Amino acid sequence: MKNIITLMIVAFAFTAIAQESIPEYTTTDKLYKVSPGMTEKEVTSIVGIPPYDIYHDVANNCKVLVWHYRHKQHSIPSSKKSTRESLAGGKITYVNTEKVYMTFSENDKKLINYFTDQGKARSVSLINAGTELQEICDNPAGIKIKGKAMDKTIIRSLNKHRYGAFVKFGLDTNPEGNSDLLLGCQYRYIFKALNNQNNFSFDTKLLYNLTGYNEVGDGDAATHEDHLNLSIPMYASWNWRSWSIGAGLHLGFGNEDAGDAIANDNSEIKMGENKGYDNLLSVPVLKIGYNLYDQLNIEYNHDLSSKSQGSIGIGYYWNF
């Protein structure tokens with residue numbers, strides 16, 4: 001009898017240890033039915049459980065409800081992984097616990113947008129970005145992060161500042177008969193970040209010319225044609241989806257090796273002719289570009305100068 005009681009106590013202890021307190025979960029197939037514009041009551045009814053947590057933004061009159069969810073999978077014997085049963089048969093399981101965050105307006109209690117842990121890992125956090133949250137509350141129709149929208153929709157909606165590197169190659173020859181190769185940094189500021197399909201931005205670059213100049217003559221009599229050292233193009237751009245069209249000003253700093261000069265022995269030297277690359281130049285410039293996944297940008301630039309020079313370049317934004 002004593003042994004039986006001991007076994008019962010041990011069994012009860014293991015049972016108590018095996019107990020675990022976990023939150024309630026909804027599933028991805030239920031989240032798929034949720035759409036912006038639904039009320040809190042409609043969303044709660046669809047996901048099937050009350051929210052796990054609640055965040056209030058009193059200043060901007062918004063509320064964020066949080067649910068836990070899991071991904072639906074099915075388990076089958078490894079011997080059947082290549083059979084028809086592997087498509088939808090086997091035992092149903094739920095794995096990979098994650099959270100979904102749904103933003104509601106306090107005015108009409110309707111869903112503005114929602115995002116998951118996976119979305120937050122690839123973009124700027126909606127919860128901690130106070131200024132972005134205010135824009136979402138003020139213009140709920142401007143952000144679209146469900147349906148056919150891609151991750152770059154979220155990125156454009158939240159991040160106005162972009163920094164990156166850029167390399168540009170001249171399609172026309174410079175006064176010395178060479179093609180300029182420029183390398184440097186680029187910056188973009190998006191004015192209307194919430195309008196994902198149609199927005200305006202300011203773009204600028206700071207590029208150094210890697211192409212050296214050709215000297216003509218020897219010693220003190222050596223000279224060269226006008227040569228561009230530093231290029232600073234600036235544009236006001238209109239962006240539609242992945243395309244960008246801009247117009248602006250191209251500032252250039254160079255060596256104007258033209259006119260008369262005095263050598264060390266006080267003799268007069270005739271320098272090269274002035275062919276456009278002055279010490280400081282400023283010409284109108286046009287550009288057309290394509291942004292690939294909001295990271296890689298490819299651009300064609302055309303200077304509206306007397307030389308009418310074109311160039312093509314490629315850049316990368318690393319803080320999107």
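The model is predicted: local features need pLDDT of at least 70, side-chain atom pairs count only at pLDDT 80 or more, and totals for chains, interfaces and linings use all residues. Residues are numbered from 1 along each chain as its sequence is written, and side-chain values use heavy atoms, with hydrogens and water left out.

**Exercise 1.** Classify the pair formed by Tyr 189 and Phe 191.

Step 1: recall that rings of Phe, Tyr and Trp (its six-membered ring) pair if their centres lie within 6.5 Å; planes under 30 degrees apart are stacked, over 60 edge-to-face, and the rest tilted. Step 2: a search of the whole structure gives four aromatic pairs. One of them joins Tyr 189 and Phe 191, with 5.0 Å centre to centre and 80° between the planes, and is edge-to-face.

**Exercise 2.** Which ring does the charged end of Lys 205 sit over?

Step 1: the test asks for NZ of Lys or CZ of Arg within 6 Å of the ring centre and within 35 degrees of the ring normal. Step 2: Lys 205 has its charged end over Phe 166, 4.7 Å from the ring centre. Step 3: Arg 70, likewise, lies over the face of Tyr 25, at 4.1 Å from the ring centre.
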